[in-house]
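Dear colleague,

Please read them alongside the coordinates.

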Amino acid sequence: MKVLHAPAEIAGQASVLARGLRELGVEAHSLAYNPGFPHYQPDGMKSYDDLSPLPRYAGYLKSLAKHLRGYDLYHFHFGRTLVPPHNPDLPLYHALGKRVVFHYHGCDVRNRFHMWAHHPRAACTECSPFCIPSRQRRILASAEQWADAELVSTPDLLESATRASHFPVAADLSQYPFTPPRGAARLVLHAPTNRLIKGTRHVERAYEIARGRYPGTEFLVLEKKPWAELRDLMQLADVVVDQVFMGWYGMVAVEAMAMGKPVLCFIRPDFEPRLRDCPIVRCTLEDLPDRLLELLGDPERCRALGEAGRAYVEREHAHTVLAQRLVELYRGLGVDGGPAVPAAGQTESQPHA
């Protein structure tokens, strides 16, 4: 089984999943074109996305020529193939007898008009739109025609990518030392990639309330920091606040739980059945100050939540656990001698949270 994860690094998923597959004996390679997240280290980084149009597309075509025949399955992230954003190479893979998986991670497919219409709290609630609806529709239409399976990294995306299955984000636990909080809280962290999606202004409001009660505790919002610096600071944290809008937890929450930190996060009530013994402390933007104060006043609870968080991540998010689920999915698509099945959404074997 030979698999290519490409061409975008989103929360490190291409490289981490490829690494997990290799640890299971699969010949997997990760490739990325987007150099904006240098802390993620795919096996191949070609910074074509930052070039002007002519050299950019020349690079895409060069990459296509190099990788077109070397793999049994192409696992494409963020709605992009080896020649993004219009993905004209999609028909080639099936013509050569390959399998294709599309893996969505957010604004590549999230329908903001649907989210605004149906949910008072969602990733799009306060976001200044930078998604492109016409591109989203093109991605989903091409996937319907050419993809053998579709996955989403958060379950809110299932409302936009209706043929997809939820596949949790993966973490290499060797990168996250277990350092649960000890004693009175000294540091509270919030680390948004996008302030509007995460509801950062509401987190800052909760910080102001908590500061008055806990003047000896530091409350930080970390933005645009190198991943190693963020990880080191998170290792020192006693509480981590993830988000108050999306309705599901993100990669920062997974990383924090892996290190044994209690996490505050808004979880949509209709998503609760997807969770199994998840120790995240549920909150809303209205009650976040109260939930935060409760944690700050209870060090024993914080430590217990940290221990439960590490166990939860080991079970639900470890990269080798999820790589094994991918192997099962790939075999279900007819790769490596497994029985061929219809496209995503039409088989019981695909992974869910």
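**Side-chain contacts**

At 5% relative accessibility, F219 counts as buried (under 20% relative accessible area; exposed is over 50%, partly exposed in between, with a 1.4 Å probe and protein chains only). This is a predicted model, in which local features need pLDDT of at least 70 and side-chain atom pairs count only at pLDDT 80 or more, while totals for chains, interfaces and linings use all residues. Residues are numbered from 1 along each chain as its sequence is written, and side-chain values use heavy atoms, with hydrogens and water left out.

In one of them, Y207 and F219 are tilted, at 5.2 Å centre to centre and 50° between the planes. Because Y207 belongs to helix α7 (residues 200-213) and F219 to strand β9 (residues 218-221), the pair ties together parts 12 residues apart in sequence (helices are DSSP runs of H or I with at least four residues, strands runs of E with at least two, numbered from the N terminus). Y207 is buried as well, at 1% relative accessibility.

There are also 24 salt bridges (a side-chain nitrogen of Lys or Arg within 4 Å of a carboxyl oxygen of Asp or Glu). Among them, D172 pairs with R19, the closest N and O atoms being 2.9 Å apart, and this links parts of the chain 153 residues apart. D172 is buried, at 7% relative accessibility.

Best regards

Key: Rings of Phe, Tyr and Trp (its six-membered ring) pair if their centres lie within 6.5 Å; planes under 30 degrees apart count as stacked, over 60 as edge-to-face and the rest as tilted.
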